[in-house]
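Biologist: Could we go through this model together? I would like to start with the overall layout and then turn to single residues.

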Amino acid sequence: MNAALATDADAESWLELVREVEPLFGLMPGFEEILVRKIGQRAAFCVRSDLIGDSRVLGGILIGGTPMHGWIRSLAVRSSGRGRGVGCCLLAKAIEHFPPPTTVSLDTFREENSEGRPAPATISTNGLPTWPASLGRRSASTAIHIA
Ligand SMILES: CC(C)(COP(=O)(O)OP(=O)(O)OC[C@H]1O[C@@H](n2cnc3c(N)ncnc32)[C@H](O)[C@@H]1OP(=O)(O)O)[C@@H](O)C(=O)NCCC(=O)NCCS
């Protein structure tokens, strides 16, 4: 499995994925503009379906922040593509992108949000601590320090 730099050709399929996860994250009206900008900045990676003649985006990750403190701005996998390592592959790609020494942070969901539970599993598989205690719909950021 390969997480590749996204291109403009991936945008339509990626937006379809975003519509699928909107109930979890809430409406994301400015997402298309952000996605186009991140693709231009080479800060968007995706895993595409490997079926012949089907190049849908199965999962995507957007990165941002600074070289000293990177941020994962968005991480999502289509429900039909989950549980096959796509999320881990995307996270590994993002972590690889930041030159050490650095800190990479991302927001996860509170433990009581059942639909958000796979996220901490994906993150801990990649070495990030999970479930920081905090208030709010989403938890405080969780961070990994890369030495
Ligand atoms: C979180 C998400 C990206 C994971 O994608 P994925 O492709 O299914 O993840 P992977 O297949 O790489 O699995 C990663 C780990 O999570 C575990 N996992 C996957 N789904 C799970 C579930 N429903 N419950 C518990 N653990 C789960 C896997 O077992 C794996 O851990 P392991 O390697 O120790 O076995 C995906 O569920 C998703 O898009 N969720 C909705 C959006 C979201 O929560 N984004 C993250 C915000 S921080």
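Predicted model: local features only at pLDDT ≥ 70, side-chain atom pairs only at ≥ 80, totals over all residues.

Biologist: How many helices and strands does the chain have?

Modeller: The chain has 4 helices and 6 strands. Helices (H or I, at least four residues) and strands (E, at least two) are DSSP runs, numbered from the N terminus. Starting at the N terminus, the order of elements is β-α-α-β-β-β-α-β-α-β.

Biologist: And what share of the residues is buried?

Modeller: Of the 147 residues in the chain, 30% are buried. A residue is buried if 20 or more other C-beta atoms lie within 10 Å of its own, exposed if 12 or fewer, and partly exposed in between, with C-beta atoms placed from the backbone.

Biologist: What percentage of the contacts between residues at least 6 apart in sequence join residues at least 24 apart?

Modeller: The figure is 59%. Two residues are in contact if their C-beta atoms, placed from the backbone, lie within 7 Å.

Biologist: Let us turn to the helices. At what angle do the axes of H1 and H2 cross?

Modeller: The axes of H1 (residues 11-25) and H2 (residues 31-40) cross at roughly 135° and come within 11 Å. Axes are lines fitted to C-alpha atoms, for helices over the stretch in contact, and angles run from 0 to 180 degrees between N-to-C directions. H1 and H2 are therefore oblique to each other; angles under 35 degrees count as roughly parallel, over 145 as roughly antiparallel, 65 to 115 as roughly perpendicular and the rest as oblique.

Biologist: Which residues make that contact?

Modeller: H1 contributes Ala11, Trp14, Leu15 and Val18, and H2 contributes Phe31, Glu32, Leu35, Val36 and Ile39. By class, the residues of this contact are 8 nonpolar, no polar and 1 charged. Here Ala, Val, Leu, Ile, Met, Phe, Trp, Tyr, Cys and Pro count as nonpolar, Asp, Glu, Lys and Arg as charged, and the others, Gly among them, as polar.

Biologist: Is Val18 itself buried or partly exposed?

Modeller: Valine 18 is partly exposed, because 18 other C-beta atoms lie within 10 Å. Beyond residues up to four places away in sequence, valine 18 touches Met28 and Phe31.

Biologist: Now the core. Which residues of the largest nonpolar core touch the most other members?

Modeller: They are Phe45, Cys46, Ile61 and Leu90, in a core of 26 residues. A nonpolar core is a set of buried Ala, Val, Leu, Ile, Met, Phe, Trp, Tyr and Cys residues joined through C-beta atoms within 7 Å. H1, H2, E2 (44-48), E3 (57-65), E4 (69-77), H3 (86-97) and E5 (102-109) each supply at least two residues of this core. The largest share, 5 residues, comes from E3.

Biologist: What does Cys46 touch?

Modeller: Leaving out residues up to four places away in sequence, cysteine 46 touches Ala3, Ala4, Ala6, Asp10, Trp14, Val57, Gly59 and Gly60.

Biologist: Ala6 is of interest. Where does it lie?

Modeller: Alanine 6 lies in the loop between E1 (4-5) and H1. It counts as buried because it has 23 C-beta neighbours inside 10 Å. Alanine 6 and phenylalanine 45 are 39 residues apart in sequence, yet 5.1 Å apart in space, C-alpha to C-alpha.

Biologist: Changing topic: what is the phi of Arg42?

Modeller: Arginine 42 has a positive phi of about 60° although it is not a glycine. Most residues other than glycine have a negative phi. Arginine 42 lies in the loop between H2 and E2 and is exposed, with 11 other C-beta atoms within 10 Å.

Notes. Residues numbered from 1 in each chain as written.
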